[in-house]
Amino acid sequence: MGTTTDTAMRFFVGTDVGGTFTDLVVLEDNRPPRLFKAPTTPHDRSEGVVNALALAAASYDVSLREFCAAIAYFSHGTTAATNALIERKGTPTALLTTRGFTDTLLIQRSMTSWVGMGAATGHYSRRRNPDPIVPRDRIAGVTERIDSSGRELVALDEHEVRGLLRRLRDEGVRALAVSFLWSFLNAEHETAVGRIVAEEWPEAYVTLSHEVAPVLGEYERSATTVVNSYLGPVIRDYVAGLEGRLRSTGFTGDFSIMDSGGGVMRAADAARRAASMLTSGPAGGVLASAALARRLGHRNVITSDMGGTSFDVGLIVDSEPLVERVSEVGDLHLALPRIKVTAIGAGGGSIAWVDEAGVLAVGPQSAGSVPGPACYGRGGDRPTVTDADVVLGVIDPERFLGGRMPLERALAEKAIRLHVADPLGLSVEEAAAGIRQVADNHMADLLRKVTVEQGYDPRDFTVYAYGGAGPTHAYAYTEAAGIATLVVPPTSTVHSAYGTVTSDRYRAVQTTDVQRTPPGAADPAEHLDPARINATLDDLSLRCRADLDDDPRVRLSRIVYLKFRRQAHELPLTVPDGEVTTDVLRALVAEFRDAYERLYGAGTALLGAGVELHTLRVEGRVGVTGITEGGYEGSAEPAESLIGSRPVYFPECGRVDASVYRGEGLGAGASLRGPAILEFAGTTVVVGPGQSLAVDPYNNLVIDCRGNA
């Protein structure tokens, strides 16, 4: 296979659309993955996807139509939802909520004005509430009321609802969010509104809060419901456009979209679960890393994805990705569990600039793919991290993207001289080194932040680096964070795309079941009702299996959220398989205490205050591709892959000669010492001075970053 139009070809394709490049990976039985990158096309992102597919087709020496016709499964990760939310380019949306509570979405919570800034910033005057996605005049109070036990206090005024719908439709609203008080305990009123909308306004996109976020927390539930409606039509059109373009090329296989929570969902479900696509792309890289970590026996891993626009960091603890129950996206708090990924504006396209105080800064602004870094020669004239890498000799401009996209060093030098070197009185090389150091230190700070804030020591972790620019900078930010071991997987340049195609189909369902133990109880577990918990978990399990077509291969995991009485933050705990007994609950309470003290310090857990159980959750996963990847080629003798050497400027030691290798030529068992450059078709891997690299049996590059310690 590889240079034939044999109709027996059967491909599994994963894609991830980033701010600068669109990544694509092709899997087939008993073959190593094939990796491709094409520039992202912001005007129509499906064009960049098709361009990447054309590169793949050319590598197999077949036409685009022949290649696409052989795709059995296509999976896609995208930032379309995140971009639409942050840029406020969603659908005109209205919110129907309980009369008397129409300001909830606008008041939010006191912490909201700090979202994305961090409470330690200290700049009180810079606090700001986000731009509302639903203006006040589109928030309507409805006569109805359910109490905290689920009883109806005030009947729903259906006549009023019909009048509100007619008014909102005439005002240009196209999507509706319905979030009533305590609807997760009694959904009759929301369900009735959904029925009325279907009668009065069938073309409207509508989200009911009890369907997307059946949890305690009035503001978070309402925000999640509004965001889902705000993004729903955008995602519906995006997915339909991409699928239509794929079908027109000859694709007839299954189509899935990355879910931020822990797997993929059918493309047909994406529009109804639009809010679940926030951080869709980065989640794929974390899931791929978790699978690799289990294979390599790494229990604790920091995932680091440096693309053209951002630097995304996740945590894998005890072999599982860290999941957050309430997520922060676009200055809002959403009641949607998702794989926790923290991002900063530090990518290859991040722009370097000198602020008014004469201090060099990098990002968060990015040159993106259009016009891109100055060295791209597409009209960009601002210096970026990639421009600095070219000037320092890290990236060979003639072999960028395997030689398909040569860069212009002179343009990089000009941009750095004009905007950084001259204002600071530095040489171009010194300015480029400064740009790289600032970016690397920002990323090292983030590695420390995400671990320490969760109660972990970063030195107990291994770093996985991927993305187009991650392997280029990882040697520096890993060492700066005090971490010893860095792993660059063979799929690093398209690792998030690889995660989309290798991830399981995923579905999660949850409900609220409030149980409290009394203060001062010697054994809190004795005051929880195991029979009620078992019945709820069984019901959730049935619903989860049904959502996954009752596939007998479905693997279920059960989660309970515990907190101390009257506290706001909950901690998730995995419920073991089998019947939940008082002994099981006792063990979960003890685990909760230990986890709480790990996060907040010894002695902070006060079981005497009482424990509250609010949320029960069941997650289901089932495999999709089921193929066996083949091994990689390459030699254990680095000399066979040696291209030569070139002078490279390392900020820590100045300009030195670094050996340059063809990365794809290195095989299992190869080892070498830095300084060294490994050039792959989609990325450049740097081994710093004094560091060492070894290629493991799975072709992962394992770098010992303690060389300069």
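Predicted model: local features only at pLDDT ≥ 70, side-chain atom pairs only at ≥ 80, totals over all residues.
Residues are numbered from 1 along each chain as its sequence is written, and side-chain values use heavy atoms, with hydrogens and water left out.

Let's begin with the holes. Rolling a probe the size of a water molecule over the atoms shows where empty space is left. Here that is done on a 1 Å grid over the protein atoms alone: a cavity is a set of points where a 1.4 Å probe fits but cannot get out, a pocket is an open set with protein on both sides within 12 Å along at least five of seven lines, and lining residues have an atom within 4 Å of a point. Points are joined across faces, edges and corners, and a volume is the space filled by probe spheres set on them.

The second largest pocket holds about 880 Å³ of space. It has 32 lining residues, and P33, R34, L35, Y632 and E664 are the closest to its centre. Two elements, β3 (34-39) and α1 (45-59), each bring at least two residues to that lining; helices (H or I, at least four residues) and strands (E, at least two) are DSSP runs, numbered from the N terminus. The top contributor is β3, with 4 residues. Sorted by class, the pocket lining has 15 nonpolar, 10 polar and 7 charged residues. In this scheme Ala, Val, Leu, Ile, Met, Phe, Trp, Tyr, Cys and Pro are nonpolar, Asp, Glu, Lys and Arg are charged, and the others, Gly among them, are polar.

Strand β14 (residues 311-317) gives the largest share, 3 residues. By class, the lining of the largest cavity splits into 4 nonpolar, 3 polar and 1 charged.

The second largest cavity comes in at about 30 Å³. Around it sit L528, V560, L562, L585, L588, V589 and L613. Both β26 (555-564) and α17 (582-600) give two or more residues to this lining, with α17 giving the most, 3 residues. What classes make up this lining? It has 7 nonpolar residues, no polar and no charged ones.

On to single residues. T462 is in strand β23 (residues 462-466). T462 counts as buried because its relative accessibility is 11%, where buried means under 20% relative accessible area, exposed over 50%, and partly exposed in between (1.4 Å probe, protein chains only). Beyond its neighbours within four places in sequence, T462 is in contact (heavy atoms within 4.5 Å) with H298, N300, V301, I302, I483, T485 and V487.

L486 belongs to strand β24 (residues 485-488). Buried or exposed? L486 is buried, at 0% relative accessibility. Not counting residues up to four places away in sequence, L486 touches V463, A465, A474, Y475, T478, L701, V702, I703 and C705. Meanwhile, L486 and A497 are 11 residues apart in sequence but 21 Å apart in space, C-alpha to C-alpha.

Finally, T249 sits in the loop between α8 (218-248) and β11 (254-259). T249 is buried too, with a relative accessible area of 9%. Setting aside neighbours within four places in sequence, T249 is in contact with L64, R65 and C68.
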